[in-house]
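The sequence and structure come before the details.

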Amino acid sequence: MTFTIAVLKGDGIGPEIVDEAIKVLDRLGEKYDRQFTYKRGYLGGESIDKYGVPLSDETLALCKASDAILLGAVGGPKWNHLDPAIRPERGLLAIRKELELFANLRPAILFDALKESSPLKRDLVKDGLNIMVVRELTGGIYFGKRAYSDEEAYDTMYYSRAEIERIAVEAFKIAQKRNKKLVSVDKHNVLDSSKLWRKTVEEVAKDYPDVRLSHLYVDNAAMQLVINPAQFDVILTENMFGDILSDEASMLTGSIGMLPSASLGGRVGLYEPVHGSAPDIAGTGKANPIATILSAGMMLKYSFGLVEESWAIDKAVDEVLEEGYRTADIYTKGKTLLTTSEMGDKIAERVRG
Ligand code: NAD
């Protein structure tokens, strides 16, 4: 079976970490007899340098014609002087919008070997953590009507029923494949948009009777994440609440270098690490490639339906960490320090079995 992947390496550590994910995919392809074909596109600063814009028509067409997109990260000091409208990060917003990637999936998984890296008390994470935050990505306050003057300013949290319905359906389907527990987070006691959110989620729930649905106000959800994170399986929420809660959930796991993400909705899914382009460590071999490797694992599962292969990546990462191999960001005394490409090699070896 052949799959075509659009590869957008991006800026800073982007090229280094994407190369390691490709290394792992190739070894996996050999083992399971899958063919991955890579088509190089350009996003962010590298695209500004090449085409003068953060997302070119060529790259967009390439992405649309592929089966999935693997992205490193964009941005860096070289482009910070540019007008915000043509900065590298704009490329990311544009591609999400163009490809209708309305569902952002961010798993926050605490690997056993990294329990000591969690900022939470040991007994709160003794059984590990495995939370999936499903965040609405193309609506809400970041996209609503806004205005600014020196005297007053406003932003609008707008949601249509259709927008809520489609993200809720994604979240219920994901919950069905996990522990069948879904917490929908809103501010139903104050916001009208949350009233429609809750009503719509409850209607969608009727089609998924096997999933246990509950609701939390966003302020309580933020608190519950730090006092009892093990209660969560899937969290469904709107764009801004999800932005904040997914960062909070992800930090419970220790390092930003470990966290993958998937953006879904349209025909082509986009997979990228949660972190940015880390210009401070670019080219030093210190970048942790695991978030990108795990993102490639999500691609196998969610875009290609290769569940066993995806699991093989998670397992390989787990084993390498258990054996005491670490990049600088997750290094603790007594462990073996590896560079970016050495970590990629170790995981690729494990994947091949
Ligand atoms: P960042 O995530 O790039 O870095 C924050 C800190 O985490 C830095 O100290 C960095 O060295 C470290 N870090 C990040 N990823 C790491 C990894 N894989 N291994 C080890 N350490 C890692 O965030 P920032 O410094 O705020 O932003 C830098 C640039 O990235 C900016 O231009 C920003 O706009 C951009 N950015 C891009 C994305 C994206 O492409 N999705 C996301 C966030 C930020």
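This is a predicted model: local features need pLDDT of at least 70, side-chain atom pairs count only at pLDDT 80 or more; totals for chains, interfaces and linings use all residues.

Most residues other than glycine have a negative phi.

E100 is a further case, with a positive phi of about 55 degrees although it is not a glycine. The loop that holds E100 lies between α4 (88–98) and β4 (103–110).

## Ligand surroundings

A278 also belongs to the ligand shell. Of the 20 residues around the ligand, the ones that come nearest are V74, E89, G276, A278 and N288. By class, the residues of this shell divide into nine nonpolar, seven polar and four charged.

For G76 it is a polar backbone atom, 3.2 Å from an oxygen atom of the ligand. N288, listed above among the residues that come nearest, has a polar backbone atom 2.9 Å from a nitrogen atom of the ligand. On its own the ligand has 810 Å² of accessible area, and the protein covers 67% of that.

## Packing of α7 and α8

Helix α7 spans residues 218–227 and helix α8 spans residues 239–251. The two pack with their axes 10 Å apart and at an angle of about 10 degrees. Angles under 35 degrees count as roughly parallel, so α7 and α8 are roughly parallel to each other.

Which residues of α7 and α8 meet? On the α7 side they are V218, A221, A222, L225 and V226. Their partners in α8 are F241, L245, E248 and A249. By class, the contact of α7 with α8 has eight nonpolar residues, no polar ones and one charged residue.

Note on methods:
Residues are numbered from 1 along each chain as its sequence is written. Side-chain values use heavy atoms; hydrogens and water are left out. Axes are lines fitted to C-alpha atoms, for helices over the stretch in contact, and angles run from 0 to 180 degrees between N-to-C directions. Helices (H or I, at least four residues) and strands (E, at least two) are DSSP runs, numbered from the N terminus. Angles under 35 degrees count as roughly parallel, over 145 as roughly antiparallel, 65 to 115 as roughly perpendicular and the rest as oblique. Contact means heavy atoms within 4.5 Å. Ala, Val, Leu, Ile, Met, Phe, Trp, Tyr, Cys and Pro count as nonpolar, Asp, Glu, Lys and Arg as charged, and the others, Gly among them, as polar. A residue is near a molecule or strand if one of its heavy atoms lies within 4 Å of it. A polar contact is a pair of N or O atoms within 3.5 Å; within protein, one must be able to donate a hydrogen and the other to accept it, and residues adjacent in sequence count only if both atoms are side-chain atoms. Accessible areas come from the Shrake-Rupley method with a 1.4 Å probe; for residues, only the protein chains shown count as cover.
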